[in-house]
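Here are some notes for a colleague who is opening this structure for the first time. Please read the points below with the model in view.

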Amino acid sequence: MRIKSPRDFWAGAMFAGCGAFFVAWSFAQYQMGSAVRMGPGYFPAVLGGLLSLLGAGVIAKSLAAGGPRVAPFHFRPLVLVSLSVLAYGYLMQPGGLAVATAAAVFIGALAGHEFRWKEVSVVALVLVIFSYLVFVKGLTLPFPMCPSFIENCPIR
Amino acid sequence: MEVLDNLILGAQVAFSWQNVLYCLIGVLLGTLIGVLPGIGPVPTIAMLLPITFNLDPVAALIMLSGIYYGTQYGGSTTAILVNLPGEAASVVTVLDGHQMARQGRAGPALAIAAIGSFVAGCVATLVIATAAPPLAEFALKFGPWEYFSLMVLGLVAATVLAHGSLLKAICMVVLGLLLGLIGTDVNSGVLRFTFGVPELADGIGFVLVAMGMFGVTEIVSNLEQGARREVFLGKVTHLFPSKEDLKRSWGAILRGTALGSVLGILPGGGALLSSFAAYTLEKKWSKHPEEFGKGAIEGVAGPESANNAGAQTSFIPMLTLGIPGNAVMALMIGALMIQGIAPGPQVMTDKPELFWGLIASMWLGNAMLVILNLPLIGIWIKLLSVPYRFLFPSILVFMSVGVFALSNNPWDGLIMGVFGVFGYLCVKLECEPAPLILGFILGPLMEEHLRRAMLLSRGDPTLFINPAEKPISFSFLLASLLLIAVITLPNIRRKREQVFVEET
């Protein structure tokens, strides 16, 4: 057996794997019930079975007919962009809006092709001021302005 | 004249000064973000959704729809001025619109796109006002069988319209349905697939999936491709199209409007399908098909009218049946639910001010776009010349704000990140995210209707396909089957592949 279309093969493997997981987990953890009174496991098990069949179909096709390879992954932007979003959420509570925003901007900007300290700092500053005026003042979103160790935050 | 009475009621709601203001903010924000290449209507609406949480439902919906047609409009501006579609529905506008810009005719191209969109918007508003009430009345008779079969049809239609492999698109739908089931099972109260994580008890937020797979993934893909942009930065002069231009385009505008209005109503249809179909139609209709791709104004007028008409009439199934035809409408349904309104045919009778107010505001929003955008075009051009290395960190921050505002819980950011990575994997494996999103929102609904149907029929599944007992359900399922059969015919399949190859 030779994989003639790697891209489809891996897509099929992903679908078949997910489908099999949902089937197995439904049977192991939830009641199936009957067609009249479906239990919590019934619908996911049926769908999971369908997905594994369809996934197997994709795999079968990828063995029969040729197709393109999987395009190379670029991990740097992927990891940094995801980290940037995470940093914002996880730094908001301890660090406050300014810290979270700045962190998200700097980490995100590292994912780009050029990174210039000055430019990125300006972007971060502008976004902090903008967020404060529009989101906190204008839309009254309850974001903390100061790091959590400052008890009486002067900015509000 | 019941329609007229209703429209007057709607106008009273839509023309109150607050709602006019929200509509204005919506179209401005929508255009502003829609102009930026690579951010389509889905991440834009998802990103701005939290802004509407504190508004009342009417204002929220008016603003969100304003954002929607604003992004459409901004997308076509980008398509004409930069050789890049601002969003998927303006892909075909690039072909002739950008050629016109290179010939120094950016002004007329922009103006005709605006005029076409406005005409289409007016007609589509009337179509919704006349077609929606009877459809909603019809839908009130639907039982769980009909709803289930209708959703099947909608999902099948969505896969047919996805790019690339049909089989993979169907897989994405099923995976979406499964992911939609995560959370508490309403019938038994059992926590399904939550793996002991308390945040998953309410299921995965739809907004997070949409923002991850459309927003985060899009940014990563843009970054890996590197910034290759051909921006037209000359001054746009001679905004107004010549007599000759108008003479050539009015037919295209009317044809595009008609086509878009019809295609928008179909499940799985909407702006994207409409613009492609309109371009093909214009090319066939024209006496000079060789001019297409070289700056034919019909190639701008037709698709731009069609995508606006399609965008608006796709509200019809959402408002009357509570079923989203495309990812944007799925977001609108999400917004309705956040506002505590159960989507479905009863919305029109229970909340006439919401329904008719929204329709009247569509006309208003379109009028605003024409009046505001032509003079503001200079600002949008300036915005286009901002380098991507400034834009994407800002977009990241705005997305993070939107996500964090949902529940002030960093967990939401994590989920968005996970779906961003998953979306990137899907791009690499050439699996379309749109069908997954539709499946995701329909998953719990389908299960609910299936359970109810099976309970009522005492476990007899043949009722779904019994033409004597359930003729409507039967015809929906038959239509789904025909659609799959037709699309797998070798001849049509080649054609479908061609259409999607042309766009890239």
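1. Helix α2(A) meets helix α8(B) through Pro44(A), Leu47(A), Gly48(A), Leu50(A), Leu51(A), Leu54(A), Gly55(A), Gly57(A), Val58(A) and Lys61(A). On the α8(B) side the residues are Leu167(B), Lys168(B), Ile170(B), Cys171(B), Val174(B), Leu175(B), Leu177(B) and Leu178(B). Two residues are in contact here if their C-beta atoms, placed from the backbone, lie within 7 Å. Helices (H or I, at least four residues) and strands (E, at least two) are DSSP runs, numbered from the N terminus.

2. This is a predicted model, in which local features need pLDDT of at least 70 and side-chain atom pairs count only at pLDDT 80 or more, while totals for chains, interfaces and linings use all residues. Residues are numbered from 1 along each chain as its sequence is written, and chains are lettered from A and ligands numbered from 1 in the order in which they are written.

3. How do the axes of these two helices cross? Axes are lines fitted to C-alpha atoms, for helices over the stretch in contact, and angles run from 0 to 180 degrees between N-to-C directions. Angles under 35 degrees count as roughly parallel, over 145 as roughly antiparallel, 65 to 115 as roughly perpendicular and the rest as oblique. The crossing of α2(A) past α8(B) is left-handed, a term used if the near helix is turned anticlockwise from the far one by less than a right angle (right-handed if clockwise).

4. The contact between the chains takes 58 residues from chain A and 54 residues from chain B. On the side of chain A that touches chain B, α1 (6-29), α2, α3 (75-110) and α4 (117-138) each supply at least two residues. The largest share of that side, 16 residues, comes from α3(A).

5. Chain A is assigned domain 1 (6-64) and domain 2 (75-138); such bounds come from an automatic or database domain assignment. The C-alpha centres of these two domains of chain A are 39 Å apart.

6. The largest nonpolar core has 224 residues, and Ala210(B), Met211(B) and Ile437(B) touch the most other members. A nonpolar core is a set of buried Ala, Val, Leu, Ile, Met, Phe, Trp, Tyr and Cys residues joined through C-beta atoms within 7 Å. Helix α6 (residues 106-139) of chain B gives the largest share of this core, 19 residues. At least three residues of this core come from each of domain 1 and domain 2 of chain A. Beyond its neighbours within four places in sequence, Ala210(B) is in contact with Val42(B), Ala46(B), Ala327(B), Leu331(B) and Ile437(B).

7. Helix α3 of chain B (residues 41-48) is largely enclosed by the rest of the structure, because eight of its eight residues are buried. A residue is buried if 20 or more other C-beta atoms lie within 10 Å of its own, exposed if 12 or fewer, and partly exposed in between; C-beta atoms are placed from the backbone. The buried residues of α3(B) pack against α2 (17-35), α4 (57-81), α9 (206-225), α14 (327-338) and α17 (388-407) of chain B.

8. Two of those partners, α9(B) and α17(B), have axes that come within 11 Å and cross at roughly 165 degrees. They are therefore roughly antiparallel to each other, and their crossing is left-handed. Among the residues making the contact are Met211(B) and Gly215(B) of α9(B), and Phe392(B) and Met399(B) of α17(B).

9. Thr93(B) is in helix α5 (residues 91-102) of chain B and counts as buried, with 28 C-beta neighbours inside 10 Å. Leaving out residues up to four places away in sequence, Thr93(B) touches Ser76(B), Ala79(B), Ile80(B), Ala113(B), Val300(B), Pro303(B) and Glu304(B).

10. Which residues other than glycine have a positive phi? Phe193(B) has a phi of about 55 degrees, and phi of Asn408(B) is near 55 degrees. Phe193(B) is in the loop between β2 (191-192) and α9 of chain B, and counts as buried with 21 C-beta neighbours inside 10 Å. Asn408(B) lies in the loop between α17 and α18 (410-428) of chain B and is partly exposed, with 14 other C-beta atoms within 10 Å.
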